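Here's a quick tour of a protein model and the ligand that goes with it.

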Amino acid sequence: MRKVKIAPSILSANFAKLGEDVKLAECGGADYIHIDVMDGHFVPNITIGPQVVKSLSNETSIPLDVHLMIENPEFFIDDFIAAGSDLLSIHLEACRHLHRVIQKIKSYPNIKVGVALNPATALTNLVNVLSEIDFVLIMSVNPGLGGQELIPQMIDKIKFLKNIIRERNLPVEIEVDGGIDANNAKKIFEAGADILVAGSSVFCKGDVKKAITDLREATTG
Ligand code: DX5
Ligand code: ZN
């Protein structure tokens with residue numbers, strides 16, 4: 001039986017009380033804390049850097065899932081790993097030498113490496129590195145903002161990817177990020193997602209623990 005993992009995205013948390021919100025997610029049963037790093041170039045928004053990741057790593061013991069939405073991520077990998085990242089994803093579209101960047105992350109022990117794909121990016125661009133990575137992050141919205149609607153065509157993209165992973169018998173997980181709530185979580189899980197990232201549906205509803213439980217139960221109900 002597959003079991004879903006829930007990764008609340010702190011993009012929708014209260015930035016003045018980040019440590020408290022991360023604790024709420026931890027106590028609410030989150031599997032990972034998803035941290036969105038944006039540089040104002042790869043995406044039209046700016047968020048946080050390695051210092052905040054380091055501070056949060058002192059606040060929680062659950063793994064930190066750091067999603068780099070930045071150009072030239074190779075220049076910042078050392079810093080984000082030193083800051084305490086446990087999972088690190090880079091965007092395929094941001095890497096001219098994707099295989100090399102993956103190898104750089106893999107040179108560190110105990111880090112899970114992921115490749116993220118924007119909604120318009122084809123899976124064909126991924127197949128040559130699929131055996132090298134731990135997870136694929138399928139963006140189900142255009143990256144840069146929380147609170148957007150899931151793009152429906154991404155369900156088929158998840159199914160196609162799941163088939164490729166199964167056919168090749170690879171231990172690669174699928175993480176899906178953007179527009180996920182308790183109404184669509186089951187469809188996304190059944191399409192093949194292993195990890196659901198959720199920002200606004202976890203942090204904007206008032207009860208973080210209930211929101212995480214609702215998401216998890218939606219996948220089994
Ligand atoms: C968007 C980020 C997401 C975002 C998801 O660029 O990568 O992690 O926080 O937010 P929701 O769940 O509100 O769509
Ligand atoms: Zn994200």
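## Core and ligand site

Leaving out residues up to four places away in sequence, L126 touches L92, V115, L117, I133, V136 and L161 (touching means heavy atoms within 4.5 Å). This is a predicted model, where local features need pLDDT of at least 70, side-chain atom pairs count only at pLDDT 80 or more, and totals for chains, interfaces and linings use all residues. Numbering runs from 1 along each chain as its sequence is written, chains are lettered from A and ligands numbered from 1 in the order written, and side-chain values use heavy atoms, with hydrogens and water left out.

L126 joins I10 and I35 in touching the most other members of the largest nonpolar core, which has 65 residues (buried Ala, Val, Leu, Ile, Met, Phe, Trp, Tyr and Cys joined through side-chain atoms within 4.5 Å; buried is under 20% relative accessible area, with a 1.4 Å probe and protein chains only). A separate second core has six residues, including A7, F135, I195 and V197.

Now for ligand 1: 20 residues surround it (a heavy atom within 4 Å), and S9, G144, D177, G199 and S200 are the closest.

| Residue | Atom | Distance |
|---|---|---|
| S9 | polar side-chain atom | 2.7 Å |
| H34 | side-chain N or O | 3.4 Å |
| G199 | backbone N or O | 2.7 Å |

Alone, ligand 1 exposes 380 Å², and the protein buries 100% of that (Shrake-Rupley method, 1.4 Å probe).

Key
Buried < 20%, exposed > 50% of the residue type's maximum accessible area, 1.4 Å probe, protein only. Polar contact = N/O pair within 3.5 Å; in protein donor to acceptor, adjacent residues only side chain to side chain.
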